[in-house]
Amino acid sequence: MEKLFKLKENHTNVKTEIIAGITTFMAMAYILAVNPNILSSTGMDKGAVFTATALASLVGTLCMALFANYPFVLAPGMGLNAYFAYTIVADMGYSWQVALAAVFVEGIIFILLSAVKIREALFDAIPMTLKHAVSVGIGLFIAFIGLQNCHLVLGSSTLVTLFSMKKFQGLHDGMGSFQDVGITVLLAIIGIIITAILVVRKVKGNILWGMLITWLLGIVCQLTGLYVPNAEIGLFSLIPDFSGGISIPDISPVFFKMSFSGMQIGQFAMVVFALLFVDLFDTLGALIGLATKADMLDKDGKLPHIKGALMADAVATTAGAVFGTSTTTTYVESATGVSEGGRTGLTAVVAAVLFGLALFLSPIFLAIPSFATAPALIMVGFFMLSNVTKIDFNDMREGIPAFICIAAMPFFYSISEGIAMGMISYVALHLASKKVERKKMSVIMYILAVLFILKYLFL
């Protein structure tokens, strides 16, 4: 272990890495349920997509461990799977087979870009101020996701609002009661408090224990009748169901089913570019935020072994398309494991093994409710927010772009939008300052700012 993962050099140990790997897996195990639900709307076999999701996550995460020795975990990306299902297939009218082909081509292009260090150059060109801002923005973003997942935050006429039974029922045609959604919101609040107490008392594995305790409390509520599952509003049994036995769903309906038939070259190229663009900057944003939180950046703000990390992401996307799922990318939920002390690829290996086990024990992992993972996401959001102290808000040329970057991520529900707006404003404000005050920037920053502007004008 020491020779392969350099544990002492990274100030960690096997126990810490295992706990971090388990924590990260549990924080993102929801993808094993959510991804098949989204992609099955295109006509893809749900069971096959489940298997493809687990395999893509396993392969991608192992690549991250072996190529870069980082504690980051990969899986089919949220947002990118929605783009796959609802834009490429539903709006544009392409078959899911053609959509898989677009993901495959995107992956190949990613591999080429990573091999010639273009993506690495992009990472290195981003100023430290924006790297800290990205970390903070991601923290707010995943905390917002956690609040939404447990229904503490609801959509409303004011865009978002605090949960109430009346408001929830208004959004769900009168459905919902205290015995289904109400008790889960209460359990989420209790889970947040429990997790916070564990953090304050510096209990090892606090985030993991917070999730497990919250889930177990939910099971107790179900057994005593306080919680009643309601599938119509997406609330299912919290008790693992092994009535169907242990088996791996057949992957053959989606495996290697890419197709280039019926596509229009120009439109297909735009689809590939859109996937490439979003994945590129979501991945860069995730790596920046995670590496900043784990204190992995060197004195120049560069991430050692970034080429391996980017190559892992590219290979995972290509392999995922072959397996039969949408773009596979680095997950910001990896921050849960980083917060538990995960610093090496051993954390990723543990998570990858659990994705493999999930193939056989899917009833257990599919039973983990969103209200149990929400406290973890919210607490990690708090941890990542700490990087805001490293931003110099006294220098308006640095502070204003940082603020824009931070605010855009949760408000626009996109990591890549935060990066884009942060870069545009950073370049614009530095160009607008007096010549003697201008800071030297990489040419890449100017190019990226122009490309982002063109994106907003024409895409």
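Let's start with helix α3, residues 31-39, where Ile 31, Leu 32, Asn 35, Pro 36, Ile 38 and Leu 39 are buried. Here, buried means under 20% relative accessible area, exposed means over 50%, and partly exposed lies in between (1.4 Å probe, protein chains only). Helices (H or I, at least four residues) are DSSP runs numbered from the N terminus. Looking down the axis of α3, the buried residues fall within an arc of 165°, so they line one face of the helix. That arc is taken from the directions from the helix axis to the C-beta atoms. As background, an α-helix has 3.6 residues a turn, so residues three or four places apart point the same way.

A word on the model: it is predicted, so local features need pLDDT of at least 70 and side-chain atom pairs count only at pLDDT 80 or more, while totals for chains, interfaces and linings use all residues. Residues are numbered from 1 along each chain as its sequence is written, and side-chain values use heavy atoms, with hydrogens and water left out.

Now for the cores. A nonpolar core is a set of buried Ala, Val, Leu, Ile, Met, Phe, Trp, Tyr and Cys residues joined through side-chain atoms within 4.5 Å. The largest one has 115 residues, and Phe 25 and Leu 32 have the most contacts inside it. A second, separate core of 31 residues includes Ala 85, Ile 88, Ala 99 and Leu 100.

What does Phe 25 touch, leaving out residues up to four places away in sequence? Its partners are Leu 32, Ala 351, Leu 354, Phe 355, Ala 358 and Phe 365, with contact meaning heavy atoms within 4.5 Å.

On to the rings: the structure holds nine aromatic pairs. Rings of Phe, Tyr and Trp (its six-membered ring) pair if their centres lie within 6.5 Å; planes under 30 degrees apart count as stacked, over 60 as edge-to-face and the rest as tilted. Here are two of the pairs.

| Pair | Type | Centre to centre | Between the planes |
|---|---|---|---|
| Phe 25 and Phe 355 | edge-to-face | 4.9 Å | 80° |
| Phe 382 and Phe 383 | tilted | 5.6 Å | 50° |

Phe 25 sits in helix α2 (residues 14-28) and Phe 355 in helix α15 (residues 345-360), so this pair links distant parts of the chain, 330 residues apart. Both Phe 25 and Phe 355 are buried. Phe 382, at 51% relative accessibility, counts as exposed, whereas Phe 383, at 15%, counts as buried. Ring pairs also link Phe 141, Phe 144 and Tyr 413 into a cluster.

Note on methods:
Helices (H or I, at least four residues) and strands (E, at least two) are DSSP runs, numbered from the N terminus.
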